[in-house]
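Biologist: I would like to learn how to read a model of this kind, one feature at a time. Please give me the general idea first, and then the case in hand.

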Amino acid sequence: MVKRFDCLTLLASLLDEHALTVTSRGGNAREWAHLRPEGANFHSLNMGTCMSFAVGLALAFPKRKVIAIDSDGSLLLDTSSLVTLADVNPPNLLALVFDNQSYANMGATATARSTDLAMAQGAGVKTAATITTNEDFAAVIKPALEASELNFLVLKSESGRAQVKVDSRLIHGRPMLEHFITALLRHPDYRGKSMAGKD
C-alpha cells in the first residue's frame, strides 16, 4: 500500500507553478492544500465530480498539465466519467485515484472486494495502471507528468490522513472558489480577457 501523503509530497515537488490541480473531498483536499497552498487548485469537489471537472479544465488549458487527485469513493459514484475521460482523451491530464478501499468511516467500497478501478482501460483509457508501493509511484510519476498522453493511475493506499495544518479557506466554500478563480485569472494561459474583447 502507498502512503498518500508521501506520494503527494513527491508530486508537489515535481510540479511547476502553472500546473492545475483538482481534488475530491476529505484527506486528498487537506493534504494537497497543505503541500501546495498556492496556484490554481480546486479542492473538495463533491463526490463523483472530480474527474469530469478535471477533463473540462484540461480542455480549457491544453498547454498545461492538469492533475486530478480523486478517490475510490468519489469515482465509484460516477464511473461514467471514465467513458467521458476516454472519449475526450486529453493528452495533458494525469488522473490519480487514491484507493483506500473505504468510504471514510462508513465501510468498505467495492474495491475492497472484486472491483478494480483500472477498469478505466475497459472504458477506453489506453494508459491505466495500479500502483501498490511508494517506490513504484516514484518510478512512474515523473514520466507520467512528462508524457503527452492521458495517464490514469490507481494508487492502492493506506487508510487515514496525515495530521496537517491547513487554512480552511483553501478547501471550503466561497473562499476556496475565489482563491481558485483569482489564480486562474493570473494564469499565463488564461484567455478570458482577450476573448471578451472579440464578442
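Modeller: Let us begin with strand 4 and strand 6 (residues 151-156), which run parallel and are joined by 6 bridges. Strands here are DSSP runs of E with at least two residues, helices are DSSP runs of H or I with at least four, and both are numbered from the N terminus. Two strands pair if DSSP finds at least two bridges between them. Within this pairing, Phe 98 stands opposite Leu 155 in strand 6. Please keep in mind that this is a predicted model, in which local features need pLDDT of at least 70 and side-chain atom pairs count only at pLDDT 80 or more, while totals for chains, interfaces and linings use all residues. Residues are numbered from 1 along each chain as its sequence is written, and side-chain values use heavy atoms, leaving out hydrogens and water.

Biologist: How many residues of strand 2 are buried?

Modeller: Buried means under 20% relative accessible area, exposed means over 50%, and partly exposed lies in between (1.4 Å probe, protein chains only). For strand 2 (residues 41-45), 5 of the 5 residues are buried, so the strand is largely enclosed by the rest of the structure. Strand 2 runs parallel to strand 1 (residues 20-24), with 3 bridges between them, and Ser 24 has Leu 45 as its bridge partner in strand 2.

Biologist: What covers the buried residues of helix 2?

Modeller: The buried residues of helix 2 are Gly 27, Asn 28, Ala 29, Glu 31, Trp 32 and Ala 33. Their cover includes helix 1, strand 1, strand 2, strand 3 and strand 4. Ser 71, which lies in strand 3, counts as buried at 15% relative accessibility. Leaving aside neighbours within four places in sequence, Ser 71 is in contact (heavy atoms within 4.5 Å) with Ser 24, Asn 28, Val 97 and Phe 98.

Biologist: At what angle do helix 1 and helix 7 pack?

Modeller: Two packed helices are described by the angle between their axes and the distance between the axes. For helix 1 (residues 4-14) and helix 7 (residues 134-146) the angle is about 25 degrees, and the axes are 10 Å apart. They are therefore roughly parallel to each other, since angles under 35 degrees count as roughly parallel, over 145 as roughly antiparallel, 65 to 115 as roughly perpendicular and the rest as oblique. Their crossing is right-handed: a crossing has this hand if the near helix is turned clockwise from the far one by less than a right angle, and is left-handed if anticlockwise. Among the residues that meet are Leu 10 and Leu 14 in helix 1, and Phe 137 and Ile 141 in helix 7.

Biologist: How do helix 3 and helix 5 cross?

Modeller: The axes of helix 3 (residues 50-60) and helix 5 cross at roughly 20 degrees and come within 9 Å, and this crossing is left-handed. Met 51, Ser 52, Val 55 and Leu 59 of helix 3 make the contact with Ser 81, Leu 85 and Val 88 of helix 5.

Biologist: Which phi does Ser 44 have, positive or negative?

Modeller: Most residues other than glycine have a negative phi, and most peptide bonds are trans. Ser 44 is not a glycine, yet its phi is positive, at about 60 degrees; this residue lies in strand 2 and counts as buried at 11% relative accessibility. Asn 89, which is not a glycine either, has a positive phi of about 50 degrees. Asn 89 lies in the loop between helix 5 (80-88) and strand 4 (93-99) and is partly exposed, with a relative accessible area of 39%.

Technical notes. Axes fitted to C-alpha atoms, helices over the stretch in contact; angles between N-to-C directions.
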